[in-house]
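The sequence and structure are shown first, and the points follow by topic.

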Amino acid sequence: MTWWETLLDRWKDMSNRDNLVRIATFLLWHIWKVRNQVVFKGVPTNPLRTVSMAQHGALEFAAAMESISSNNSLHVSHLDLDGWIPPDFPLLKLNVDGAWRAVLQGGGVGALIQNESGEFIAGFSKCLMHVGFAQMMEAYALLEGLLFCKANGIRNMVVESDNKELIQLLQSSSSFPPEFEVLLCDVLSIGKDLGVVEFRKVRRSGNKPAYALAQASYNVVDVMTWMEDPPGWLCSILQHDRAGL
């Protein structure tokens, strides 16, 4: 029996078992992120500071989960949208997508924000490595898209992804699989702070610009961002998307 299985067995009869598992998963995820920074980027770290930051983050995570479960005002739509549908004024729309290759164990994410007229507000392509499977990359696309909005003061929006399973998980919100627990709780928490009014499922045919930005991440070392003016190669894709082509 592994140490994790031993821990789960010790908690199995406890009334707060689910919360303990969530917090433990968050702590391990935080430590794993720091470990990857050390191993793959050579970033120096202090073990005591890592533990302290993990504990602090776990407390914030627990508070966020409690807030989400007690007052989740976000709406999740299962409408299978085909083509670009403008958001209702004055809302913006955030479209996200992920790209993943098994041989790389990574890839990247892409996202863009548009207004009700389809005008390009901002977008980015970001390389993400050491991501274990494709659906995890799609979850990172949701999170990174919202973090980009937060960093640039972009608020009040609808969010679209072409990943049906993740949209369904966001709707359930209280029963995330362990591998998605931290990411999707962050998505809901940040989304609530940013004034996200709806998460929508859109078909790939209605998500082509975000897909193109995600594919572009294979040629990005870290992250590329565009504000107001999209890259030239994206313009025709945006035009076709708005025209429903």
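In this predicted model, Asn 115 has a relative accessible area of 9% and is therefore buried, the limit for that class being under 20%. Asn 115 belongs to the loop that runs between strand E3 (106-114) and strand E4 (120-129).

**Surroundings of Asn 115**
- A polar contact of 2.6 Å joins the side chain of Asn 115 to the side chain of Glu 119.
- When neighbours within four places in sequence are left aside, Asn 115 is in contact with Trp 84, Pro 87, Leu 92 and Ile 121.

**Helices H4 and H6**
- Helix H4 (residues 134-151) and helix H6 (residues 178-194) have axes that come within 10 Å and cross at roughly 25°.
- H4 is therefore roughly parallel to H6, and their crossing is left-handed.
- The contact of H4 with H6 comprises 14 nonpolar, two polar and three charged residues.
- Residues of H4 that meet H6 include Met 136, Tyr 140, Leu 143 and Lys 150, and the H6 residues that they and others in H4 meet include Glu 179, Leu 183, Asp 186 and Ile 190.

**Helices H5 and H6**
- The axes of helix H5 (residues 164-172) and H6 come within 11 Å, with a crossing angle of roughly 70°.
- H5 is therefore roughly perpendicular to H6.
- On the H5 side, Leu 166, Leu 169 and Leu 170 meet Phe 180, Leu 184, Val 187 and Leu 188 of H6.
- By class, this contact of H5 with H6 has seven nonpolar residues, with no polar and no charged ones.

Methods
Residues numbered from 1 in each chain as written. Predicted model: local features only at pLDDT ≥ 70, side-chain atom pairs only at ≥ 80, totals over all residues. Heavy atoms only, no water. Axes fitted to C-alpha atoms, helices over the stretch in contact; angles between N-to-C directions. Helix = DSSP H or I, 4+ residues; strand = E, 2+ residues; numbered from the N terminus. Parallel < 35°, antiparallel > 145°, perpendicular 65-115°, else oblique. Left-handed = near helix turned anticlockwise from the far one by under 90°. Contact = heavy atoms within 4.5 Å. Nonpolar A, V, L, I, M, F, W, Y, C, P; charged D, E, K, R; others polar. Buried < 20%, exposed > 50% of the residue type's maximum accessible area, 1.4 Å probe, protein only. Polar contact = N/O pair within 3.5 Å; in protein donor to acceptor, adjacent residues only side chain to side chain.
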